[in-house]
Amino acid sequence: MITFENVRKSYGQQCVVRDLNLHIQRGELVALIGASGSGKSTILKMINRLEPHDTGRILFDSHEINSFNPRELRLRMGYAIQSVGLFPHWTVTRNIATVPTLMGWSKTRIGERVHALLTMLDLEPEMYGPRYPHQLSGGQQQRVGVARALAGDPDVLLMDEPFGALDPVTRASLQQELKRIHQMSGKTIVLVTHDIDEALLLATRVVLIDHGQVVQVGTPLDLLSQPANDFVADFVGRSDMGIKLLSLQQVRAFMRDEPPLPQAAIAIATTLREAVSTMVQNRTQSLNVQDPAGQHLGVLHAADVFGASAAPHA
Amino acid sequence: MCLARLRPHMRNLTAFTVRGARAMLLDPLVWAAALLLLLVWFLPVSGGVFHALFPALERPVYLQEPFSELLWQHISLVALSSLVAVAVGTLAGVGVTRTWGQSLAPMVDALAALGQTFPPVAVLAVAVPVVGFGEWPALIALALYGVLPVLQGTVAGLRSVPASVRQVALGMGMSPGRALWQLEVPLALPVWLAGVRSSVVINIGTAAIASTVGAKTLGSPIIVGLSGFNTAYILQGALLVAALAVITDMAFERLARRVAWQA
């Protein structure tokens, strides 16, 4: 879907992105993560040509992005940023309708689209559609920002720290929502973030960037279980890497097919992290595993979790 | 039958006009305008009052030209020069906030500040030898003097538009022209209008000075009064200029409430 080939970008003397090679598949949710000033935002803005690249090639749908008209290119890519940038003098409805209007959709089609998006993002259309941005909470504004970015049904969604300015509770619920949207729509999403937990939670692949260079590309599990170097290990949080690893894996892969024990039970979709927490709380080495209907499925042993957390049972 | 159906509507209509009339009666802008017109009518026949106030003066009421004509001339002069000032200031303000115009910003700022630093009287004095006596030097001086507040309002207004708004708009595929017209202009409008407001109101006061170079304005009684030690003339001119400025300011305030985009 999007390919970087030896891309370089400098501001004057300073090189902000060097020799970037990256291929983003259709349907992936790629998180670009790095410290402030690492060049991750610049990489994102090069995709929709808000920042031109100096050398190398960036391909979108296997065509060099410079061969597109920038406006048409951008209409095919949703764009959401941290400060949201809702147009304060337009209602929520009109804000969301921005791209469909630019694309010349009919009024009824725009109306239906806005209605569907508001519903999908848990905003009652009749109640929130006519409101102005300043009448919404920060989380609701960001929801509208995401809805606006999705409105034109873009091939790619570019998000620049979209949840950075939100409180932890709102952020968590919006992260879940984004995950759901990604799974539902299968859209290609490129997410810039400096929050490693957000990247590990949401991304199908994480691209760790430092000083304009890719340090490691891999699934969240790769980054945690096989960090390429000390920098990666530090970045993903050396001291609680194990805990993070646990939270990426589910009980399903670790349980044994055994009859129930006289122990507490957990659900099959629970993460290992929650399972271990339950074990500690109940002062036990094993737990029964149940399906959502309460049927016994097997037993989880602490020995299996701690013995082989990096390489689960097949 | 037909009449019966119409009656409620008629009642509504009466209610509406009554409410409209009451609103007008309570409207300070209407009162101020009425006061100005009353002054225009009353001053020429107010010989008795001004005789009592200034017993030493032989002719205490300015009668060279009718006040209505002076008022009209004053308004025309202000309207024309403000139109030029607003057009120039707005275009320059939009220009220096574009990417291509940013390098011009310091120069434009300096020029506009220069226009304001020169006292209008000095501009008048310089303009007279070039374009002669009358309305023209006045127009030039007033227009120059009015540019700065408009320019400042335009620039401040456009800069007050959050950068994220423009960034997102362009990032979503809006053209720069459309972003200017649909986003930046409406968002900058209240601050721009505040600039226009002070420009025009200042202009009304400054236009009085234009009488020194032969333009007929509400300043004429003031200038004649100053040169002839006739305080009554000065008072009459000043009253009218002040009333006009206050009314204009109130009208702008009304307009400002309309263009405000935030509740």
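A:Phe4 stands opposite A:Ile58 in S4(A). This pair belongs to the link between strand S1 (residues 2-11) and strand S4 (residues 55-60) of chain A, which run antiparallel and are joined by 5 bridges. Two strands count as paired if DSSP finds at least two bridges between them. Strands themselves are DSSP runs of E with at least two residues; helices are runs of H or I with at least four, and both are numbered from the N terminus. The model is predicted: local features need pLDDT of at least 70, side-chain atom pairs count only at pLDDT 80 or more, and totals for chains, interfaces and linings use all residues. Residues are numbered from 1 along each chain as its sequence is written, while chains are lettered from A and ligands numbered from 1 in the order in which they are written.

S1(A) also pairs with strand S2 (residues 14-24) of chain A, in the antiparallel sense and over 7 bridges. A:Ile2 stands opposite A:Ile24 in S2(A). A:Lys9 faces A:Val17 as its opposite in S2(A). S1(A) and S2(A) form a hairpin with 2 residues between them. In the turn, A:Gly12 has a positive phi of about 60°. The open sheet has 4 strands in the order S2-S1-S4-S5 (chain A), with antiparallel pairing. S2 and strand S5 (63-64) of chain A are the edge strands, each pairing on one side only.

## Chain A as a whole

Chain A has 14 helices and 13 strands. Its C-alpha trace spans about 65 × 50 × 30 Å along the principal axes. Of its 314 residues, 38% count as buried. Buried means that 20 or more other C-beta atoms lie within 10 Å of the residue's own; exposed means 12 or fewer, partly exposed is in between, and C-beta atoms are placed from the backbone.

Chain A is divided into domain 1 (2-243) and domain 2 (249-307). The bounds come from an automatic or database domain assignment. Taken over C-alpha atoms, the centres of the two domains are separated by 36 Å. Among contacts in chain A with a separation of 6 or more, 62% join residues 24 or more positions apart. A contact means C-beta atoms, placed from the backbone, within 7 Å.

## Around strand S12 of chain A

Strand S11 (residues 265-267) of chain A pairs with S12(A) in the parallel sense, over 3 bridges. A:Ala267 has A:Gln290 as its bridge partner in S12(A). With helix H13 (residues 272-282) of chain A, S11(A) and S12(A) make a right-handed β-α-β unit. Right-handed means that, with the strands pointing away from the viewer, the path from the first strand over the helix to the second runs clockwise.

S12(A) is joined to strand S13 (residues 296-301) of chain A by 5 bridges, and the two run antiparallel. A:Leu287 stands opposite A:Leu300 in S13(A). The hairpin of S12(A) and S13(A) has 5 residues between the strands, and A:Gly294 takes a positive phi near 95°. In a regular strand, side chains alternate between the two faces of the sheet. In S12 (residues 286-290), A:Leu287 and A:Val289 lie on the covered face. A:Ser286, A:Asn288 and A:Gln290 lie on the uncovered one.

## The largest nonpolar core

The largest nonpolar core has 142 residues, of which A:Ala31, A:Leu32 and A:Val190 touch the most other members. Such a core is a set of buried Ala, Val, Leu, Ile, Met, Phe, Trp, Tyr and Cys residues joined through C-beta atoms within 7 Å. Helix H7 (residues 135-159) of chain B gives the largest share of this core, 14 residues. Domain 1 (2-243) and domain 2 (249-307) of chain A both give residues to this core, so it lies between them.

Which residues does A:Val190 contact, leaving aside neighbours within four places in sequence? They are A:Ile24, A:Val30, A:Leu32, A:Leu44, A:Ile47, A:Val156 and A:Leu158.

## Where chain B meets chain A

At this interface, 16 residues of chain B are in contact with 17 residues of chain A. Helix H8 (163-171) and helix H9 (176-206) of chain B each supply at least two residues of the chain B side. H8(B) gives the largest share of that side, 6 residues. By class, the chain B side has 10 nonpolar, 6 polar and no charged residues. Here Ala, Val, Leu, Ile, Met, Phe, Trp, Tyr, Cys and Pro count as nonpolar, Asp, Glu, Lys and Arg as charged, and the others, Gly among them, as polar.

Note on methods:
Two residues are in contact if their C-beta atoms, placed from the backbone, lie within 7 Å.
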